[in-house]
Amino acid sequence: MPENSDFRRTPGHRLIVRALALAAAICMAATSAACGAKGADDKADDGSKLSFMLDWTPNTNHVGIYVARHLGYFDKAGLKLTILPTAQAGAETSVQNGVADVGFSKLSNLATFNSQGSDLRQVFNIGQHSVARWCSLASRTDIKTPKDFDGKTFVSFGSAEQTAVVKQMIRYAGGKGDFKRVTSGTNTFATLTSGKGDFAGFYANWEGVESELKGPALHCFTQADWGVPGNPDQLGFVVKNSWLQQAGHRRALTAFVKACLKGYNYALSHPDQAADILVKETKGSAIDPTLAKRSMESIVKEGYWVDSPDQRSITGLINVKDAQDYLDFQFKAGTYRDAKKGDPNKAPQATDLWTDRYVREAAGK
């Protein structure tokens with residue numbers, strides 16, 4: 001699978017998550033199926049059964065889904081939803097291969113997958129502002145700007161997308177863009193504190209909060225401040241285009257998106273309650289309740305899901321210009337490969353990777 005998925009799939013606990021995913025799969029899938037089986041009159045033959053695959057262990061990115069399940073929004077919509085834990089192959093591959101109907105991913109990942117021959121489409125987005133941060137330990141007083149990443153060791157998984165971002169940040173800050181790489185161990189924080197790496201990628205709304213709560217303290221940079229255009233974190237739901245050819249699937253997807261819109265809007269208006277619901281609905285994941293609440297506080301305060309922090313409802317849409325600016329940047333950096341491992345002829349197009357049909361239908365537009 002494409003390398004770039006590791007950063008957004010497994011922030012902080014990448015290898016542990018993969019090891020636990022298979023062990024948790026049977027229990028999680030069985031629990032989710034039981035929770036979704038309340039609507040005994042659901043019509044399986046019209047697409048009312050849906051399977052959804054996470055991109056990582058449950059966290060506040062997924063809170064709207066769990067809120068919708070807990071508050072009965074799926075039942076009211078006549079949907080029987082099974083939430084699947086992430087597979088080692090990833091949500092994108094699982095959706096492409098028909099293992100899951102819908103998956104959690106982001107537009108920039110679809111650009112990589114579709115360039116190599118996949119047929120995926122994003123249909124829902126929560127990420128209006130980037131949550132990616134590039135950080136060193138706060139104790140590293142020798143790192144004051146991204147220029148100081150030059151010659152240092154980046155804790156990564158060799159992603160071409162990440163490499164392009166870090167190089168641009170360093171060069172924008174006046175450096176050469178040369179750095180070494182090391183693969184993270186079981187915990188990125190531990191890799192940094194051990195001295196095996198100097199900087200890494202984190203997510204502000206989860207690992208950034210975790211750092212504030214438990215340490216170690218981080219010194220972070222936002223890529224938009226250092227010459228990287230667009231939004232790399234347009235996070236949401238993806239499906240396979242051929243799956244959408246069936247009318248029953250399209251109806252079920254619209255109902256699913258409508259229920260999730262309500263779930264995410266509830267979470268924005270009731271962040272503490274939504275955090276409690278996330279913890280209750282995912283007991284097997286042992287989410288720290290304080291981390292969940294502080295993460296939701298961060299999401300609301302910083303307005304990651306909305307155009308401005310004072311909004312209490314999400315659009316579910318992507319900003320096409322932000323998306324294309326980022327895809328164009330990655331294309332110029334040589335990130336994408338076609339099915340034959342060659343360079344594609346043009347940049348992936350956001351309008352080919354995204355459709356607003358299901359969000360607008362869900363919103364009655």
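Lys 341 sits in the loop that joins helix H13 (320-332) to helix H14 (350-353). Helices (H or I, at least four residues) and strands (E, at least two) are DSSP runs, numbered from the N terminus. The model is predicted: local features need pLDDT of at least 70, side-chain atom pairs count only at pLDDT 80 or more, and totals for chains, interfaces and linings use all residues. Residues are numbered from 1 along each chain as its sequence is written, and side-chain values use heavy atoms, with hydrogens and water left out.

Most residues other than glycine have a negative phi, and most peptide bonds are trans. Lys 341 is not glycine, yet its phi is positive, near 70°. With a relative accessibility of 62%, Lys 341 counts as exposed. Buried means under 20% relative accessible area, exposed over 50%, and partly exposed in between (1.4 Å probe, protein chains only). Ala 286 also has a positive phi, near 50°. Its loop runs between helix H11 (271-281) and helix H12 (289-302). Ala 286 is exposed, at 66% relative accessible area. A cis peptide bond links Gly 215 to Pro 216, with omega near -5°. Pro 216 belongs to the loop between helix H9 (204-214) and strand E9 (218-221).

## Strand E10 and its partners

Strand E10 covers residues 235-240. Five of its six residues are buried, and the strand is mostly covered. E10 pairs with strand E3 (residues 102-106) in the antiparallel sense, over four bridges. Two strands pair if DSSP finds at least two bridges between them. Gly 103 has Val 238 of E10 as its bridge partner.

E10 also pairs with strand E4 (residues 120-125). This pairing is antiparallel too, with five bridges. Here Arg 121 is bridged to Val 239 of E10.

## Phe 52 in strand E1

Phe 52 is part of strand E1 (residues 49-53). Its relative accessible area is 0%, so Phe 52 is buried. Contact means heavy atoms within 4.5 Å. Leaving out residues up to four places away in sequence, Phe 52 touches Ile 65, Leu 81, Thr 82, Ile 83, Leu 84, Val 102, Gly 103, Phe 104, Phe 237 and Phe 256.

One of these contacts is Leu 81. Phe 52 and Leu 81 are 29 residues apart in sequence and 7.2 Å apart in space, C-alpha to C-alpha.

## Helix H3 against helix H10

Two packed helices are described by the angle between their axes and the distance between the axes. Helix H3 (residues 63-70) packs on helix H10 (residues 247-269) at about 105°, with axes 7 Å apart. H3 is therefore roughly perpendicular to H10. The residues in contact are Val 63, Gly 64, Ile 65, Val 67 and Ala 68 from H3, and Ala 259, Cys 260, Gly 263, Tyr 264, Tyr 266 and Ala 267 from H10. By class, the contact of H3 with H10 holds nine nonpolar, two polar and no charged residues.

Axes are lines fitted to C-alpha atoms, for helices over the stretch in contact, and angles run from 0 to 180 degrees between N-to-C directions. Angles under 35 degrees count as roughly parallel, over 145 as roughly antiparallel, 65 to 115 as roughly perpendicular and the rest as oblique. Ala, Val, Leu, Ile, Met, Phe, Trp, Tyr, Cys and Pro count as nonpolar, Asp, Glu, Lys and Arg as charged, and the others, Gly among them, as polar.

## Helix H6

Helix H6 spans residues 107-115. Eight of its nine residues are buried, so H6 is largely enclosed by the rest of the structure. Among the buried residues are Leu 107, Leu 110 and Phe 113. Gly 117 follows H6 and has a positive phi, near 115°.
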